[in-house]
Amino acid sequence: MIEADGLYKSYGATRALAGVSFSVPAGTVLGLLGPNGAGKTTAVRILTTLARPDAGRAWVAGLDVLAQPAAVRRQIGVAAQDATLDGLLTGRQNLTLVGELSGMRTGQARTRAAELLELFELTDAADRVVKGYSGGMRRRLDLAASLLTQPPVLFLDEPTTGLDPVSRQRVWEVIRKLIGSGVTLLLTTQYLDEADALADRIVVVNHGQVIADGTPLELKERSRSAHVEVTLAEPRPEAAEVIEPLVGGRVSVSADGLRLGAAVDSAPGLATALVRALDRAGMLVDNIEVRQPSLDDVFFALTGAPERESEGAQA
Amino acid sequence: MTTAIAQPRPGEAAWNVVSMTRRNLVHISREPMQLSDATIQPVLFTVLFIYIFGGAIPIPHGGSYKDFILPGMLALNLTTSTMGTAVGLATDLHEGIIDRFRVLPMWRPAVLVGRSLADLLTATLCALVVAVTGLVVGWRTSAAPLAIIGGFALVLFFAYSLSWVAACVGLNSKSPESAASFGFIVLFPLAFVSNALVPTQHMPGWLQAAADWNPVSAVTAGARQLWGNPNPSASISAWPMQHPVEASLAWSVLIVAVAAPLASWYFRRRTTE
């Protein structure tokens with residue numbers, strides 16, 4: 001349904017995309033994940049006909065984005081990173097305008113606008129000028145604007161960046177409803193939990209290249225970043241030696257000697273094996289915890305840079 | 001490039017223009033200060049010029065300054081009000097809204113055409129304000145109704161053509177503020193170096209030549225001729241002053257023919273990445 005094949009794009013001396021390929025099958029959700037400046041927005045701009053790639057090809061809904069941009073625009077809904085709304089119009093007027101410009105009759109556009117305002121809980125603010133909306137309201141209105149014609153393919157560029165947690169949850173709810181309706185969705189995000197929560201598959205981009213591609217589970221399994229922590233009933237100096245062969249790596253011991261920690265492959269049955277080995281060595285285990293890698297760990301492992309750095313760059 | 005099948009049909013294109021025009025009119029209603037160029041400024045200018053300069057400026061071949069200045073006031077106000085087109089377009093490009101328009105299956109030139117039509121409606125309002133102010137302070141015309149309408153149409157057509165020049169400026173401005181400076185750098189000299197406010201007979205030779213070939217002079221003289229108001233330029237031998245109606249129509253057609261395609265070219269260039 002959405003396909004990018006070897007996209008290259010530079011803005012002056014800045015290379016935004018250096019050969020990005022991915023595909024989104026019909027009715028699925030792809031999370032395009034990466035830090036700020038990774039090339040996510042550029043990829044979306046190319047797929048939505050706003051920008052032309054220097055090289056590479058792209059298809060949306062079976063249409064060649066470069067050869068048939070006008071036809072592509074009839075198939076897509078786009079919510080851009082900077083909410084693209086008319087600040088001097090009311091929410092209702094914005095939606096009606098977008099509907100009319102998409103070829104709807106005024107009455108039809110008004111009816112649809114009212115439906116969407118209701119769906120996005122904006123009915124109370126519908127007749128206020130958008131300039132006075134909060135960030136979360138603008139985002140929801142922009143999402144609504146992308147849905148007027150009920151397009152089969154949707155692009156949401158960082159739909160929750162800059163929102164407070166409550167607004168973020170509300171936007172997530174709306175996106176989940178959309179996913180339920182069977183659209184094909186490309187979602188970009190800097191937040192791993194967002195991709196984890198909403199996407200069927202994740203493509204991780206960094207410096208204009210795809211560095212990983214898979215389901216959230218596959219990506220987690222691919223990285224050796226699960227963490228195990230064992231708490232003993234009493235300190236035993238030889239405990240580290242006992243579990244070292246099982247975790248296959250360095251074991252850290254807390255100052256009081258009670259807690260042992262190690263990074264491990266997420267191997268099934270590891271907790272049982274550790275408890276047995278310690279039991280055979282005559283040690284009492286109070287607690288054992290194997291923490292699955294979060295997508296943050298995965299991201300760190302893949303990019304070699306903590307995510308915080310990228311957030312700093314954004315500010 | 002684009003296939004014919006997916007291009008908006010002519011009916012849709014016209015519909016898009018209507019929507020965009022309405023949008024721009026809503027903008028004007030939200031920011032009444034934007035409208036002051038078309039309402040308060042003409043009243044002030046007309047009243048100020050008539051009472052301050054009126055007594056001091058003799059009209060060659062006679063006639064009252066009130067009757068002389070009104071067509072000039074109309075040309076001056078409509079010329080300077082086209083600044084709004086430049087500022088409006090620069091604002092649209094400056095804000096994210098243009099990306100919304102660009103991902104919609106709309107006829108893109110509707111952004112420009114809708115703007116120019118909304119500005120034409122504003123200009124019409126401005127013309128009415130000038131005329132009413134004139135009537136209140138004593139401007140009179142003895143012309144036939146058709147000639148009166150013709151005079152207004154002549155000036156409005158010129159303002160419409162200028163709004164395409166303003167569009168070119170707006171499309172090349174980095175910000176709405178720099179688009180606004182267009183008014184002071186280009187439009188005010190254009191309006192002042194003309195026969196709109198004073199007879200050109202007293203200007204230095206080189207300035208008089210510039211004024212006589214200035215399209216604003218042709219438009220003003222054209223309106224004076226149609227309305228039967230004092231038109232001292234009629235005694236000047238330069239071709240536009242001898243045939244002001246033809247000259248001003250020619251200017252307006254020429255300006256639209258050059259500026260409209262240029263504006264749509266700038267628009268495409270500005271929105272290509």
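In chain B, B:Met83, B:Ala86, B:Val87, B:Ala90, B:Thr91 and B:His94 of helix α4 meet B:Pro176, B:Ala179, B:Ala180, B:Phe182, B:Gly183 and B:Leu187 of helix α8; contact means C-beta atoms, placed from the backbone, within 7 Å. The residues of this contact comprise nine nonpolar, three polar and no charged (nonpolar: Ala, Val, Leu, Ile, Met, Phe, Trp, Tyr, Cys and Pro; charged: Asp, Glu, Lys and Arg; polar: the others, Gly among them). The model is predicted, so local features need pLDDT of at least 70 and side-chain atom pairs count only at pLDDT 80 or more, while totals for chains, interfaces and linings use all residues. Residues are numbered from 1 along each chain as its sequence is written, and chains are lettered from A and ligands numbered from 1 in the order in which they are written.

**Helix pair α4 and α8, chain B**

- The axes of α4(B), residues 83-94, and α8(B), residues 176-192, come within 8 Å and cross at roughly 160° (axes are lines fitted to C-alpha atoms, for helices over the stretch in contact, and angles run from 0 to 180 degrees between N-to-C directions).
- The two helices α4(B) and α8(B) are therefore roughly antiparallel, the term for angles over 145 degrees.
- The crossing of α4(B) with α8(B) is right-handed (the near helix is turned clockwise from the far one by less than a right angle).

- Helices are DSSP runs of H or I with at least four residues, strands are runs of E with at least two, and both are numbered from the N terminus.
- Helix α3(B), residues 65-81, has 17 residues that should span 24 Å at 1.5 Å a residue, which agrees with the 23 Å between its end C-alpha atoms (the expected span is 1.5 Å times one less than the number of residues).
- In α3(B), 16 of the 17 residues are buried, so the helix is largely enclosed by the rest of the structure (buried: 20 or more other C-beta atoms within 10 Å; exposed: 12 or fewer; partly exposed: in between).
- Helix α12(B), residues 244-270, has 27 residues and reaches 37 Å from first to last C-alpha, close to the expected 39 Å.
- Buried residues of α12(B) include B:Trp251, B:Val256 and B:Phe267, and the buried residues of this helix pack against α6, α7, α10 and α11 of chain B.
- B:Phe267 counts as buried, with 21 C-beta neighbours inside 10 Å.
- Beyond its neighbours within four places in sequence, B:Phe267 is in contact with B:Leu112 and B:Leu171.

- Chain A holds 12 helices and 14 strands, and 46% of its 315 residues count as buried.
- The C-alpha atoms of chain A fill a box of roughly 80 × 45 × 35 Å along the principal axes.
- The contact between the chains takes 29 residues from chain A and 25 residues from chain B.
- On the chain A side, α2 (69-73), β6 (76-79) and α3 (91-101) each give two or more residues, and α3(A) gives the largest share, five residues.
- That side of chain A divides into 17 nonpolar, seven polar and five charged residues.

**Positive phi in chain A**

- Most residues other than glycine have a negative phi.
- A:Glu121, with phi near 55°, lies in the loop between α4 (106-119) and α5 (135-146) of chain A.
- A:His207 has a positive phi of about 50° and is found in the loop between β9 (201-206) and β10 (209-214) of chain A.
- A:Glu121 is partly exposed, with 13 other C-beta atoms within 10 Å, and A:His207 is partly exposed with 15 C-beta neighbours inside 10 Å.

Definitions and conventions: Parallel < 35°, antiparallel > 145°, perpendicular 65-115°, else oblique. Contact = placed C-beta atoms within 7 Å.
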